[in-house]
Amino acid sequence: MSRTPSRNSRISRISRTPHALPLFAPAYVGGVQLGAYAARHLLTPGARERLLRRCSTNVDNLAAGRWDTLAGSAFLVEAPMELPYALLLLAVLGYTEYAYGAWWAAGAFAYGHVGASLLVYAGLRALRAGPRTRSATDVGVSYGLNAVAGALAAALPRGPARTAACAALLTLGVRPCLQGRGRTTFTDVGHLLALTLGLGLGPALIRGRRRGLGRRSPQ
């Protein structure tokens, strides 16, 4: 007698299988955007500011042991994302999910988001940042986006395309960090760190592709 797969097993198989229709990327981007609109229209300015500060991966929160902010900050943005940026995020995450699977896309995003947040935190503590910086609002999707984009660029086939893509991303990441003291923000540094972490994931993604990660799994 054939056994009907459970709902959980079907979801797990879809999330692991490359070339499945992207589901998690649009759900994530849509959820972040809807949350931003809800916070803007349903909360008072004061309540919204308290929510953002409570979920920020700033020095004060992490030093106080609020490690849950490492996850929560990835689901909040200070304002609804502009359409071009939201579409870019959807395209990068959606392609990664389609080509390599949802678990890899989510893992690379989380790796960049958490890794860059912790590195920025360590740097600000070492530099003994002032009170304003220590309590700054620090939420959003940009660290994760930079990491996934870097990983995709580094996983391109060896040749001019990979070199050009990596060089272009690094140029975009380094440029804001060269504005000079007082103009470069810790977020600019965080973007560069996240991009660097993502570029480091490229070889792992290439190895996975050679093992068949990027091919359709047999039914």
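At what angle do α6 and α7 pack, and how far apart are their axes? The close-ups below take that up first, then move on through this predicted model.

**View 1. Helix α6 packing on helix α7.** Here the angle is about 135°, and the axes sit 6 Å apart. That angle makes α6 oblique to α7. On the α6 side, the contact is made by L89, L93, T96, E97 and Y100, while α7 brings A102, W104, A105 and F109. Sort the residues of this α6–α7 contact by type and you get seven nonpolar, one polar and one charged.

**View 2. Helix α7 packing on helix α9.** Now we look at α7 (residues 102–126) with α9 (residues 142–154), which pack at an angle of about 120° with axes 7 Å apart. The crossing of α7 past α9 is right-handed. Eleven of the residues in the contact of α7 with α9 are nonpolar and four are polar, with no charged ones.

**View 3. The largest nonpolar core.** This core runs to 26 residues, and Y28, M81, L89, L93, F109, V141 and V148 have the most contacts inside it. At least two residues each come from α2 (24–42), α6 (83–100), α7, α9 and α11 (186–210). Helix α6 gives the largest share of this core, with six residues. A separate core of twelve residues lies apart from it, with L70, V120, L124 and F186 among its members.

**View 4. Zooming in on V141.** Leaving out residues up to four places away in sequence, V141 touches Y28, V32, A74, V77, M81, Y85, L89 and F109. V141 is also one of the residues with the most contacts inside the largest nonpolar core, as are its partners Y28, M81, L89 and F109.

**View 5. S142 and its neighbours.** S142 belongs to helix α9. Is S142 buried or exposed? It counts as buried, because its relative accessibility is 18% and the cut-off for buried is under 20%. Again setting aside residues up to four places away in sequence, S142 touches Y85 and H191. Y85 turns up among the contacts of V141 as well.

How values were computed:
Residues are numbered from 1 along each chain as its sequence is written. This is a predicted model: local features need pLDDT of at least 70, side-chain atom pairs count only at pLDDT 80 or more; totals for chains, interfaces and linings use all residues. Side-chain values use heavy atoms; hydrogens and water are left out. Axes are lines fitted to C-alpha atoms, for helices over the stretch in contact, and angles run from 0 to 180 degrees between N-to-C directions. Helices (H or I, at least four residues) and strands (E, at least two) are DSSP runs, numbered from the N terminus. A crossing is left-handed if the near helix is turned anticlockwise from the far one by less than a right angle, and right-handed if clockwise. Ala, Val, Leu, Ile, Met, Phe, Trp, Tyr, Cys and Pro count as nonpolar, Asp, Glu, Lys and Arg as charged, and the others, Gly among them, as polar. A nonpolar core is a set of buried Ala, Val, Leu, Ile, Met, Phe, Trp, Tyr and Cys residues joined through side-chain atoms within 4.5 Å. Buried means under 20% relative accessible area, exposed over 50%, partly exposed in between (1.4 Å probe, protein chains only). Contact means heavy atoms within 4.5 Å. Angles under 35 degrees count as roughly parallel, over 145 as roughly antiparallel, 65 to 115 as roughly perpendicular and the rest as oblique.
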